[in-house]
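We will go from stop to stop, selecting as we go.

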Amino acid sequence: MEIINRRQRMASVARKLRREEEKTIGLVPTMGALHEGHLSLVREARRMCDVVIVSVFVNPAQFGPSEDFNRYPRDLTGDTTKLADYNVDYIFAPPVEEVYPKNYSTYVTVEGLSEPMEGSARPGHFRGVATVLTVLFNTVRPDFAFFGQKDAQQVLVVKRLVRDLAFDIEVVVLPTIREQTGLALSSRNAYLSEEQHKAAGVLYRALSQGREVYLEGERSARRLAEAVRAQVEAEPLARIEYVGVVDAETMEKFDRIPEDRPVLIALAAHVGNTRLIDNILLQPARQKAHTGRLTLPAAES
Ligand code: AMP
């Protein structure tokens, strides 16, 4: 395994693998502080691709001025050990100036899909995401890129970016990995005290409650959102920021949920000072239900 810091070196290594060795390349973009959620993407990349490249880059462009860019957890040594266990071929860990050289001035905006929910709560966030991914995609030119359903809106933004800018990349989306309590794994969980960590389990319980209410036949998006919100608000340590009930493919809002459309219930909440997001996907009854939950084995949770 080689750690690459320079964009040009990454590009030339990837070019050689593609052209001379005809290898398929899988890219797993991350911000590091790796956990089992990230590693599930790496495992699938290893299964599908000849060469696996994991990028580790805390992207300043996707953080707002009052957000946690400076204190975001960074642990390249720990990440390297974990990735070596998964037989990753390359870690691309560029410093900020490599991704955004002096006078950097080109940004990518995915209109529409970037606007609701995370987009309105974090102005500029998806512009930062789409921009860094464009740089990473152009540097590595992977055949496959791997993303987690944990960031459901990001997945839609990325798929649209790939389609609209004609990147020759297949986007692979993998399910959210959760603790036994249901709490989605996140690098930001490291900010939580023990008490807050326990309280944060309410997010998934609330989303599951939303699913129950939906399965019982509720089709008012407002009432569904209220059921989820009420459950989060019952936890004194949690403060809900938004609950969105939207079309899982287009992010469109609806008053009444159509029977034939997949629905995404997504939320953001603060537990103490830590902002967490989570979501659940509800497939219409006629399609294959996605109600399965992926959790860590008990011993590792
Ligand atoms: P991040 O380091 O937070 O930018 O995440 C890098 C990738 O890992 C993104 O595609 C995330 O959606 C994915 N990811 C983060 N947490 C999880 C999780 N709990 N389960 C599955 N994928 C995840």
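## Stop 1: a loop residue

Select S193, which counts as partly exposed because its relative accessibility is 34%; buried means under 20% relative accessible area, exposed over 50%, and partly exposed in between, with a 1.4 Å probe and protein chains only. This is a predicted model, where local features need pLDDT of at least 70, side-chain atom pairs count only at pLDDT 80 or more, and totals for chains, interfaces and linings use all residues. Residues are numbered from 1 along each chain as its sequence is written, and side-chain values use heavy atoms, with hydrogens and water left out.

S193 sits in the loop between β7 (177-178) and α8 (194-199). Helices (H or I, at least four residues) and strands (E, at least two) are DSSP runs, numbered from the N terminus.

## Stop 2

Select α3, residues 76-85. Which residues of this helix are buried? They are G78, D79, T80 and L83. Show the cover next: it includes β1 (2-4), α2 (36-48), β3 (51-56) and β4 (90-92). Cover here rests on contact, meaning heavy atoms within 4.5 Å. After α3 comes N87, with a positive phi near 55°.

Move to α6, residues 125-140. This helix has 16 residues and spans 22 Å from first C-alpha to last. That is close to the expected 22 Å at 1.5 Å a residue; the expected span is 1.5 Å times one less than the number of residues. Why is α6 largely enclosed by the rest of the structure? Because 14 of its 16 residues are buried. Just after α6, find R141, whose phi is positive at about 50°.

## Stop 2: the ligand

- H38: a side-chain N or O atom is 2.8 Å from a ligand oxygen.
- D151: a polar side-chain atom lies 2.6 Å from a ligand oxygen.
- I177: a backbone N or O atom lies 2.8 Å from a ligand nitrogen.

Finally, colour the shell by element.

Technical notes
A polar contact is a pair of N or O atoms within 3.5 Å; within protein, one must be able to donate a hydrogen and the other to accept it, and residues adjacent in sequence count only if both atoms are side-chain atoms.
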